[in-house]
Amino acid sequence: MGSFMALRPEELAEVRRSDVDLVKRVVWIRRAAPELTTGKRVLGDPKSKAGKRPVGIPPEIVPDFELHLRWYAAKEDDGLLFIGERGAPFRRSTFGRKWRKARMKLGMDGFRFYDLRHTDNVLAAGTGASLKDLMAHMGHSSVRAALIYQHATAEQQTKISNGISAAVVDIRTRRRSPSTDSTSTPKVPHQA
């Protein structure tokens with residue numbers, strides 16, 4: 001679901017209806033609930049100070065988001081957005097079984113859940129967002145963590161070369177004086 005790709009599993013486990021603002025198209029990440037190997041959840045703050053953040057909801061998925069809230073999320077005002085089969089917080093083991101089944105059905109056997117987070121940040125970087133914006137989006141407190149998700153792509157290289165080309169054309173256009181027409185000889189600077 002778009003913006004949820006940016007979240008860590010322990011953040012997803014604690015997102016509540018009250019954290020969602022569909023008018024402003026944002027989900028507020030305020031807490032996390034990592035699941036211990038015993039199955040117990042430990043409610044607390046996100047991984048770092050930067051983990052407390054707003055994450056934008058792409059306009060394209062708002063209808064899907066509304067559908068999820070109507071049919072799949074807990075009904076209470078402060079209810080969890082993602083719940084297990086019996087309305088309780090989802091468990092890692094149950095989610096893992098469903099995730100493996102979905103991956104197999106799609107032929108994506110090696111695709112890990114955390115790969116969604118990686119994909120989200122690569123897509124976000126492709127929008128031209130600054131490193132600081134990407135850090136805020138992903139909840140990273142260090143540049144090093146954010147850079148792990150950065151990749152050079154052929155598409156981005158094309159955007160860069162097209163942007164440089166446009167800048168060169170703009171510079172050349174501005175250097176031409178308004179009185180110079182296409183038939184006159186360009187002035188060459190005098191060399192000493």
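## Salt bridges

A salt bridge here means a side-chain nitrogen of Lys or Arg within 4 Å of a carboxyl oxygen of Asp or Glu. The background is simple: side chains of opposite charge can pair when their charged atoms come close. The model you're looking at is predicted, so local features need pLDDT of at least 70, side-chain atom pairs count only at pLDDT 80 or more, and totals for chains, interfaces and linings use all residues. Residues are numbered from 1 along each chain as its sequence is written, and side-chain values use heavy atoms, with hydrogens and water left out.

By that salt-bridge rule, the count comes to 11. One of them joins E14 and R31, at 3.3 Å from N to O. E14 sits in the loop between α1 (9-12) and β1, and R31 in the loop between β2 and β3 (53-56), so this pair ties together parts that are 17 residues apart in sequence. (Helices, H or I with at least four residues, and strands, E with at least two, are DSSP runs numbered from the N terminus.) Both E14 and R31 are buried; that word means under 20% relative accessible area, while exposed means over 50% and partly exposed is in between (1.4 Å probe, protein chains only).

R8 and E11 make another salt bridge, at 2.8 Å from N to O, and both of these residues are buried too. Then there's R41 with E35, whose closest N and O atoms are 3.4 Å apart. R41 counts as partly exposed because its relative accessibility is 22%, whereas E35, at 12%, counts as buried. Salt bridges that share partners also link E14, R16, D19, R30 and R31 into one network.

## A loop residue to look at

Find R25 in the loop between β1 (20-21) and β2 (26-29). Its phi is near 55°, a positive value in a residue other than glycine. For context, most residues other than glycine have a negative phi. R25 is partly exposed, because its relative accessible area is 35%.

## A nonpolar patch

On the surface, L67, W71 and Y72 form a nonpolar patch, with about 390 Å² of accessible area together. Patches are made of residues with over 30% relative accessible area and no salt bridge: like charges are joined within 9 Å, nonpolar side chains (Val, Leu, Ile, Met, Phe, Trp, Tyr) within 5 Å. The areas come from the Shrake-Rupley method with a 1.4 Å probe, and for residues only the protein chains shown count as cover. L67 belongs to helix α2 (residues 62-71), and at 38% relative accessibility L67 counts as partly exposed.
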